[in-house]
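Subject: Handover of a structure and the findings from it

Dear colleague,

Please find the structure for your review below.

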Amino acid sequence: MDSRIATIARCTLIEAMRTRLPALVLVTLLALLAASFFIESIAVVEGDRLQTGFYASGMRLSGVFIAAIYVLVSVTREFNDKGLDVLLALDLPRSHYVLGKLAGYLAIAALIAVAAALPLLWFAPLAAVAQWTASLAVELAIVVAFALFAIVTLNQLTPAASFVLAFYLLARSLTAVRLMGAHPLAGADTLSHQVIGFMVETLALVVPALDAWTQTAWLVNGPAGWSATGPLLGFGALYVVLLAAATMFDFYRKNF
Amino acid sequence: MKPGAERSIGTVPRPVLFVFVAALCLQIAWQAWQPRPSARAEALGAPASPATLRALALGEPIALAQLLTLYLQAFDNQPGVSIPFRDLDYARVTAWLGTLIELDPAAQYPLLMATQLYAQVPDEARQRLMCGFVHDQFWRDPDRRWRWLAHCAIMAKHRLRDTRLALDYAEAITRGARRASNWARQMRIFILEDLGEIEAARVLLGGLLASGEVTEEKEVHFLTERLKSLEAAGKSSLPANN
C-alpha cells in the first residue's frame, strides 16, 4: 500500500480511537449482552437459542448503525474543519485520500465485527461464529463504503444519512420485494406493474440482497457452510471496489 | 465543502474510470448470473403468550394487537406465494385469534376474521372449529360479540346443515346477550320451528310478545302473525297426532 494511503488510514483509525468509538461499541455490546441474559433468564425453553438470536441480530443492526453514522459524521467534520482543503493542497491524489479513508473505515468495520462476535464464542460453534463474523465484516464494509460514497456525493449529513438508511432497508428487503413483484395477486398485466417490475429487477442488479447475509440461523441452527458464505464474501469485496470507484469518480469531479 | 459546479469527467483519471466501469460490469454480470429468488411457503408459527406480548408491547397492547392482526391476515399472502386458507394450520390460527383478543378484548376484527375469512373454507371440520372458537369467545363478552355467533348460527343451519348446533348458538345469544338485536334474540324461535318443535316455538314467541321486549309496531305485527300461524299449525297437527 502506498505510504500516503497507509498514513491516512492510520489517522482515520486514530481518530476513531480518540472519538470514543471503541467505548461506544463496548457499551452497546455489554448492553445487548446484558439484555440477552435477561431474555435467557425469562425464557421457559430454548433459552440459549433466544439469547443468541437476540444478541446476534441486535449487534448486527447496532454495528451497521454505529459504523454508518461514524463514517458520515467523521467525513462531515473533515469537510467543515477544512482539513480536507489542506490535504488537497498537498501533493496527494484524490484517489489516495479516498482509498486511505476507506481503508481506515474498513479496518474499523472489521474490528466492530470481531468485537461483536467475541461473546458468541460462548454461545455457538466456532465454525458458525467464524462465518457470521466474516459475513458481518463484509456487510459492515459495504455499509461504510456506501456511507463514504453518500457523504462525498451529497456533502451534507442529513441527506447522506437518509440515503444510507434507504439503501440498507432496500438491501434487506429487496428479495421480498422481488418475490412480491414477480407473483402479484392481481394486475400483473398492467403497464404500471410491468414498469415497476422492470425497475425492481434493475435495482436488483446494482443493490446487494443483504437479507441473505449474517444470518442468525447460522448460529442457532447450524453453520451454513463456506460454500454458501464464500460467494457472499467475494461479492462483498467486489461491491466495495465498485463503491470505492464510484466515490473516487464523484470526488474527482468535485470543485473545492 | 463549498458548493460549486462539478468538474468534467475528463478530470477523472483513466484507471479510476476503468475500475469503476469494470466493477460495475462485473457486479451486474454477477447479479444477473444469480438464480432468481424462489417463493417458499412458510408455516404459521405459534403465537407468544399474551403475557409475553403484553410485556413486549411497551404499554401499547392494542397497537401491537392491531399489527399482529394485520400480520395474521396477510400470512396467507407471503412474498411471492399465496397460501390457500385450507392449507393453514387452524389450531395455530385459533391460537393467534385468541391471543389477539386477549391483547385487545374490545376488538371485533379477530372474530370477523374467524367468521368471514377462516370459516369460509369448504371444509366442515374447519368451519366447525372456527364456530366453536367464536362460541367460546362469545361467552366472555356476549353483548359485544353476539353478531359473530349469530353469523355462526346461520352458517350452522344453512351450510353445515346442523340445525341443533344452530339452535345451541341461537339459545346462547338469547340467554347471554341481553343487548343483542331482536332478530338475533328471536332466531331460536324460528330454528325451533324448523326443527318441528312447534309447541316450544309457540310458547317462546308468545312469551316474547307478552314480555313487551318487542316495541316496534311492525315487528309486533309480524311476530303476532307468526304466532297465529304457529298456533294454526299446532291445531291442525293435533288431530293428525291423535
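This is a predicted model: local features need pLDDT of at least 70, side-chain atom pairs count only at pLDDT 80 or more; totals for chains, interfaces and linings use all residues.

A salt bridge is counted when a side-chain nitrogen of Lys or Arg lies within 4 Å of a carboxyl oxygen of Asp or Glu. One such pair is Glu6(B) and Arg253(A), whose closest N and O atoms are 3.6 Å apart.

Residues are numbered from 1 along each chain as its sequence is written, chains are lettered from A and ligands numbered from 1 in the order in which they are written, and side-chain values use heavy atoms, with hydrogens and water left out.

Chain A as a whole

Chain A contains ten helices and zero strands; helices (H or I, at least four residues) and strands (E, at least two) are DSSP runs, numbered from the N terminus. Chain A has 256 residues, and 46% of them count as buried. Here buried means under 20% relative accessible area, exposed means over 50%, and partly exposed lies in between, with a 1.4 Å probe and protein chains only. The accessible surface of chain A is about 11,700 Å², and carbon and sulfur atoms hold 71% of it; such areas come from the Shrake-Rupley method with a 1.4 Å probe, and for residues only the protein chains shown count as cover.

A contact means heavy atoms within 4.5 Å. Among contacts in chain A with a separation of 6 or more, 80% are between residues 24 or more positions apart.

The interface of chain A and chain B

How many residues does each chain give to the contact? Chain A gives 35 residues and chain B gives 30. Together the two chains bury about 3,100 Å², with 69% of it on carbon and sulfur atoms; buried area is the accessible area (1.4 Å probe) that two parts lose on being put together, summed over both. On the side of chain A, the residues that lose the most area to chain B are Leu205(A), Tyr252(A) and Arg253(A), together 21% of what that side buries.

The rule finds six residue pairs in polar contact across this interface, both residues being at pLDDT 80 or more. A polar contact is a pair of N or O atoms within 3.5 Å; within protein, one must be able to donate a hydrogen and the other to accept it, and residues adjacent in sequence count only if both atoms are side-chain atoms. The elements of chain A that give two or more residues to this side are helix H5 (94-117), helix H7 (157-182), helix H8 (191-206) and helix H10 (226-252). H10(A) supplies the largest share, 13 residues. By class, this side of chain A has 24 nonpolar, six polar and five charged residues. Ala, Val, Leu, Ile, Met, Phe, Trp, Tyr, Cys and Pro count as nonpolar, Asp, Glu, Lys and Arg as charged, and the others, Gly among them, as polar.

Salt bridges

Over all chains, the search of the whole structure finds twelve salt bridges, while the interface of chain A and chain B has one. Which side chains meet at 2.3 Å, N to O? They are Arg77(A) and Glu15(A). Arg77(A) lies in helix H3 (residues 47-80) and Glu15(A) in helix H1 (residues 3-18) of chain A, so the pair ties together parts that are 62 residues apart in sequence. Arg77(A) is partly exposed at 31% relative accessibility, whereas Glu15(A) is buried at 17%.

The pair that crosses between chains runs from Glu6(B), in the segment before helix H1 (14-33) of chain B, to Arg253(A), in the segment after H10 of chain A. Glu6(B) is partly exposed at 45% relative accessibility, and Arg253(A) is buried at 18%.

Within chain B, Asp141(B) and Arg144(B) form a salt bridge at 2.8 Å, N to O. Asp141(B) counts as buried at 16% relative accessibility, and Arg144(B) as partly exposed at 42%. Salt bridges that share partners also join Glu15(A), Arg77(A), Glu78(A) and Lys101(A) into one network.

A buried glycine

Gly100(A) lies in helix H5 of chain A. Is Gly100(A) buried or exposed? Gly100(A) is buried, with a relative accessible area of 0%. Leaving aside neighbours within four places in sequence, Gly100(A) is in contact with Ile5(A), Ile8(A), Ala9(A) and Thr12(A).

Yours sincerely
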